[in-house]
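Colleague: I'm new to this one and would like to learn how to read it. Could you walk me through a few features?

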Amino acid sequence: MVSYRQKILPLQIVRISLNGKKHAKKKEMTRKKKPLPVLENITITDIAAEGKSLARINDMVVFVPFAVPGDVVDLQVRRKKHHYCEAEVIRFIKYSELRTEPMCRHFGVCGGCKWQMLPYEEQLKAKQKQVYDQLTRIGKVELPEFRPIMGSVKTSEYRNKLEFGCSNKKWLTKEQIASGESFENTEMNAIGFHITGAFDKILPIEKCMLMDDLHNSIRNEIRDYALSTGMTFFDLRAQHGLLRDIVIRNSNTGEWMVIIQFHYDEEGDEQRAKGLLEHIAEKFPQITSLLYVNNQKCNDTFGDLEVSVFKGNDHIFETMEGLKFKVGPKSFYQTNTKQAYHLYSVAREFAGLTGNELVYDLYTGTGTIANFVARSARKVIGIEYVPEAIEDAKVNSSINGIENTLFYAGDMKDILTDEFIASHGRPDVIITDPPRAGMHGDVIDTILRAQPQRIVYVSCNPATQARDLALLDTEYAVEEVQPVDMFPHTPHVENVVLLKKRA
């Protein structure tokens, strides 16, 4: 036995004997944590990254969500580091004159639109500054004067796609908990958005302003039917429950796609799922593509799963400048349709095509950019990781009568090689639109060896774009920078950069 006088260090494993058997017991020394301070009468001075604002107290930078420059507040520090801390507002002493009324009832709890309290003109200024700061601070390359950011055509109902989680763990707000609401007398099944920092909990969404209002009716009807019939909602930790995830897409052709993910784990689940699908199909004749998935994986991605058609087609169509684009359940298409046209127009302008160029379109998706620029080029070769997207890209060329495109599926660093370039020809222009992580180092090395005259870099993450520009800087100079806002009320921004080969 261990004597009570023996000193036990934190996390030390102590062996004790109980009924002749040895057991491991973990004992931690209890330490009284020093309470984090409350900061009083603090003026918010600027916009920071990730949708936060900031204040400065001596040499300390304080990051604060849901505040705008000019707000005077009391703050509760939640996390403290050496030169910065993170805090939240516990009292507004004075509201900033910049502040505007958020349009959404879920603002402040749902983390999707963190800038709704900031006028759109101020959002654009902050995004322009964000692009400039990241390209100068991270890229450290010579830059031209930036073009003014292109604001979004629409600032509400601008999205063509939203995804909602279904969970048996509804997120209760502080107000609900303070009111005495308990798990026993509250309906805990919910459909909505995942809460940041609580991956298995869902904030129930009644009305989202980011997409045509029909999507709210569809989502709420799915919820009401599921609750009224006793359908189980998914438990992410236990991996149990039938109703798992919903994706809703629409298009500028008036078509609607709904994808419902199920998790069959009880007898009769397939029949229950069919009942829901029949109800939604009858209730909403506007749905032209009603699809479903049986997802037995630990995550909600279904790129590697079979998607079945319950009603209508397995796709919808988008149109742009007289072209039609097929969009399937696994296809990537820019989620702001109207603004995508302006984004691609900038990319085409920067490419400077005369009709004689060989263009490589990297990360081509469903071939939207490739087909959009094909009529101005001699030939366009698109490369994309997702095979289904490449098949859609080929279809998109076919239905638009475009014959000067080729498409290849595979990992970019494995497809775009010196041998590939030797076989298909050295590109005059490369257009690249990578994911948020930017381009792999091997891809950048291959581009440098390919020596195109122009590179048009479309990015949804100026930080990784800046990193890649620094790697390209030995051979290429930045000639143009055009920020484009695709996502109003969020800190996200797209940026298009033109690079020209140095003499």
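Colleague: How are α3 and α4 oriented to each other?

Modeller: Here's the general idea: two packed helices are described by the angle between their axes and the distance between the axes. Keep in mind that this is a predicted model. In it, helix α4 covers residues 269-283, and α3 packs against α4 at an angle of about 140 degrees, with the axes 10 Å apart. The two helices are therefore oblique to each other. The crossing of α3 past α4 is right-handed.

Colleague: Which residues make the contact?

Modeller: From α3 you have Glu221, Ile222 and Tyr225, and from α4 there are Gly275, Leu276, His279, Ile280 and Lys283. Sorted by class, the contact of α3 with α4 has four nonpolar, two polar and two charged residues.

Colleague: Now the sheet. In what order do the strands run?

Modeller: The general idea first: strands of a sheet pair through backbone hydrogen bonds, either parallel or antiparallel. In this case seven strands make an open sheet, ordered β11-β10-β9-β12-β13-β14-β15, with mixed pairing. At the edges stand β11 (198-204) and β15 (308-312); each has a single partner strand, so one side of each lacks a neighbour in the sheet. From one strand to the next, the twist averages 30 degrees.

Colleague: What packs on the sheet?

Modeller: Helix α3 again, residues 214-228: α3 touches β9, β10, β12, β13 and β14. The direction of α3 makes about 160 degrees with that of β12.

Colleague: Let's zoom in on β9 and β10. How many bridges join them?

Modeller: Three, and the two strands run antiparallel, with β9 spanning residues 161-167 and β10 residues 190-195. As for a bridge partner, Gly165 has Gly192 in β10.

Colleague: And what about aromatic pairs, how many does the structure hold?

Modeller: There are 11 aromatic pairs. One of them is Phe164 with Phe193, which is stacked: 4.9 Å centre to centre and 20 degrees between the planes. Phe164 sits in β9 and Phe193 in β10, so this pair ties together parts 29 residues apart in sequence.

Conventions:
Residues numbered from 1 in each chain as written. Predicted model: local features only at pLDDT ≥ 70, side-chain atom pairs only at ≥ 80, totals over all residues. Heavy atoms only, no water. Pairing = 2+ DSSP bridges. Helix = DSSP H or I, 4+ residues; strand = E, 2+ residues; numbered from the N terminus. Axes fitted to C-alpha atoms, helices over the stretch in contact; angles between N-to-C directions. Contact = heavy atoms within 4.5 Å. Phe/Tyr/Trp six-rings, centres within 6.5 Å; stacked < 30°, edge-to-face > 60°. Parallel < 35°, antiparallel > 145°, perpendicular 65-115°, else oblique. Left-handed = near helix turned anticlockwise from the far one by under 90°. Nonpolar A, V, L, I, M, F, W, Y, C, P; charged D, E, K, R; others polar.
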